[in-house]
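Biologist: I would like to go through some of the labels used for this model. Please set each one against its definition.

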Amino acid sequence: MRIFWAITCFIVALTLAISDVQAQTPAKTAPQFDKELVRVRILTNSKKVQVAGQSLRFQILSQPYRPVAIPQSGAAEVRVMRKNGKHVWALRLNNRDNEHLFKEKYLMIQGENLRVGGQSLPSRVMLAKGAGDQVDVVGVLPLDEYIAGVLASEMPISWPLETLKAQAVAARSYALAVMAEREDKAYHLESSVLDQVFRHIAGDDSDPKLKKALQAVHETAGIKLIDRSHKVLKAYYHADCGGHTTHAKNVWSGGVNSGVAVDNSCPTNPKANWTVKFTRSEIADKLKLPSIQEITLDRMTGDTRIRGVQVAVNETDSKYISANEFRQALGFTELRSTLFDLKKNQDEFVFTGRGFGHGVGLCQWGSRALGLKGKNFNQILKHYYPAAQIAQN
Ligand SMILES: [Zn+2]
């Protein structure tokens with residue numbers, strides 16, 4: 001152990017001595033991302049981020065491995081600053097006065113029990129210079145560790161194991177498809193509903209929540225959905241279909257058809273029905289229009305969801321807005337789905353609807369009902385993605 005720390009301290013001294021020199025030397029090679037690992041943006045902070053943890057080590061992707069270690073525990077403050085008109089990283093360790101400068105685009109931090117504020121992070125994070133002077137904190141972790149964090153965030157862990165397993169396969173397929181699409185980007189995935197909700201689960205395998213999430217991940221290891229063109233399916237999923245799911249192309253242009261499903265149990269879910277009211281001026285503000293005279297629903301044939309809305313601004317002007325854009329403008333959590341009716345009550349628009357989410361792919365509430373009926377995860381996946389194949393590595 002002593003020898004280890006002696007070597008570590010030597011490396012610390014060496015690295016601190018050369019770190020300012022590195023800032024002057026342009027990077028010669030492009031960063032080598034590890035293709036096996038998922039990069040998920042966990043946080044975006046303006047200019048400065050404070051990372052705490054034990055045995056912190058820093059690495060620059062474009063240089064040979066040069067760790068900076070802090071024995072036992074430590075904290076690092078990393079900020080983006082401008083030097084000679086260029087963005088550079090300024091790294092300050094344990095509140096010491098001197099800062100070490102790095103001009104590289106990415107800075108890797110490894111350590112144990114890594115945290116930013118109260119939030120737990122995976123044992124490896126990458127700081128990337130985001131838009132403006134933003135610092136993007138990107139978790140870099142094995143796919144299945146990421147899927148366990150998605151599972152624990154996207155679905156109550158008390159739900160049937162087979163339902164969690166179906167969700168694990170959908171989340172893995174979605175992640176793999178997106179990783180291929182965005183392999184050259186600093187990060188593959190957002191940790192929010194924009195992609196999949198992800199929170200790193202701190203704790204060891206004895207934590208019951210983590211244990212069940214990991215069981216669902218391990219029991220489906222290597223299993224993914226494949227579309228008709230033999231690519232990994234970008235497997236969408238949502239909270240509650242309200243009675244039946246819909247095609248991806250009805251929500252986004254260019255979506256792959258994975259089939260549709262009927263869920264008789266979903267309309268009976270007591271939380272399935274909702275009503276939301278907006279005043280005329282609230283809707284005008286949200287749609288960034290000068291006024292709203294009338295909203296006419298454009299309903300799909302053979303599908304009770306709406307395709308879009310025709311909004312009359314005044315006697316002569318009107319604007320067509322797709323259903324998904326309309327939901328986004330009014331708020332995805334307020335206008336909970338595109339399965340709704342609309343009534344005008346003087347100056348108020350009253351939306352009465354069913355279900356929650358875009359309605360494409362796996363329905364989480366329906367998959368819970370199927371799990372409770374004793375269906376296994378293969379049967380659940382076949383129900384929601386009838387046009388896809390289930391494959392194993
Ligand atoms: Zn459903």
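Biologist: Which residues of α7 are buried?

Modeller: The buried ones are Gln364, Trp365, Gly366, Ser367, Arg368, Leu370 and Gly371. This is a predicted model, in which local features need pLDDT of at least 70, side-chain atom pairs count only at pLDDT 80 or more, and totals for chains, interfaces and linings use all residues. Residues are numbered from 1 along each chain as its sequence is written.

Biologist: What makes a residue buried, partly exposed or exposed?

Modeller: Buried takes 20 or more other C-beta atoms within 10 Å of the residue's own, exposed takes 12 or fewer, and partly exposed lies in between; C-beta atoms are placed from the backbone.

Biologist: Why is Asn113 called partly exposed?

Modeller: Asn113 has 13 other C-beta atoms within 10 Å, so the label is partly exposed. Asn113 sits in strand β6, residues 106-116 (strands are DSSP runs of E, at least two residues; helices are runs of H or I, at least four; both are numbered from the N terminus). Its phi is near 55°, positive although the residue is not glycine.

Biologist: What makes His230 count as exposed?

Modeller: His230 has 8 C-beta neighbours inside 10 Å and therefore counts as exposed. His230 lies in the loop between β11 (223-226) and β12, and its phi, near 65°, is likewise positive in a residue other than glycine.
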